[in-house]
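Subject: Structure handover

Hello,

Here is the structure I said I would pass on. Please look through it first, then read the notes below.

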Amino acid sequence: MIVVAGEALIDLVPQGPGALAELKPALGGGPYNTAVALGRLGSRTAFCSRTSHDAFGEALLDGLRHAGVDVSGVQRGTEPTTLAVATIDASGSAAYSFYVDGTADRLFTAPAALPAGTRAVSFGTCSLVLEPGASAYEELMRTAAAQGLFTALDPNVRAGLIPDADAYRARFKSWLPTVTLLKLSAEDAEWLGGTPREWLAAGPAAVVVTQGGDGLTVFTRNGAEYSVPGEEVAVVDTIGAGDTVNAALLHGLSTQDALSAEALDALGTQGWTRLLRFAARAAAITCSRAGAEPPYAAELGDL
């Protein structure tokens, strides 16, 4: 079982140019997209979050169920669902503004236990920023690490939601001793400051940096560095691409029985290159269609 912990929200995606373009609601949130992508790839997956009883909340849960994700541990509340308004530029890249005050996912509390058979827990995005839920997710991260579980972190920085950048950067560094695999975009890496080697020294066994169409690079704690190019594709938008990379990495590691720091050390050139290419291929498919629509296993073929 791979558990994905974090927010589920509704993306309002413009259907044309201009500030007053028609907005289409789409299921989203970094952790939500990661869970859906894992389910579509065939990994046994559970979602750990708090969602609204409103119509958007019900639609989010239906999307998870349709992907085969276990939602039995999702907490519920009467508060509204978080909304994220997307803006798409000429290259297909997305930026967001958020409506988060008083929403259901902010009131998440750490569960007493994770599902039986949990081997890995994935964290990231808004859920690690918005209090009081952020502290609860942080508690869960530290608990999972203390239990010897594989922990994955994608900070997926949304700078507009972070009131104190320096405090968040310090908090990010405090998470690193509890993280097995850190994945982040080149833009996030620049905003956070530091280097993959500095982050590796603080705890993770590997750091994967995504560079959009230029591909992915992994840095490992034993000093290795491996890169693969991006897959060429006609980009519709990049919504969910990074989340798809998260899922592909976790799925690939799971299928290789490599969900441990020691197993990451042992992957070597062939293992890492194969895994990164799989993730690049998955992300390219997501970029080739509108919204966060990650691929199914049959579209990707073998790892």
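For the charges, Lys and Arg count as positive and Asp and Glu as negative, while His and the chain ends are left out. On that basis the protein chain has 20 positive and 33 negative charges, and their mean positions lie 5 Å apart. Please keep in mind that this is a predicted model.

Overall fold. The protein chain contains 10 helices and 14 strands. Its C-alpha trace spans about 50 × 45 × 40 Å along the principal axes. A compact globule of 303 residues would have a radius of gyration near 19 Å, and the value for the protein chain is 18 Å, so the two agree.

Of the 303 residues, 56% are buried. Among contacts with a separation of 6 or more, 69% are between residues 24 or more positions apart.

One residue in detail. Glutamate 79 sits in the loop that links β6 (75-77) to β7 (83-88). Is glutamate 79 buried or exposed? Its relative accessibility is 18%, and buried means under 20%, so glutamate 79 counts as buried. The side chain of glutamate 79 makes a polar contact of 2.7 Å with the side chain of arginine 50. Leaving aside residues up to four places away in sequence, glutamate 79 touches Arg50, Ser52, Asp54, Gly102, Thr103, Ala104 and Leu107.

Regards

Key: Residues numbered from 1 in each chain as written. Predicted model: local features only at pLDDT ≥ 70, side-chain atom pairs only at ≥ 80, totals over all residues. Heavy atoms only, no water. Helix = DSSP H or I, 4+ residues; strand = E, 2+ residues; numbered from the N terminus. Rg over C-alpha atoms; globule rule 2.2 N^0.38 Å. Buried < 20%, exposed > 50% of the residue type's maximum accessible area, 1.4 Å probe, protein only. Contact = heavy atoms within 4.5 Å. Charge placed at Lys NZ, Arg CZ, Asp CG, Glu CD. Polar contact = N/O pair within 3.5 Å; in protein donor to acceptor, adjacent residues only side chain to side chain.
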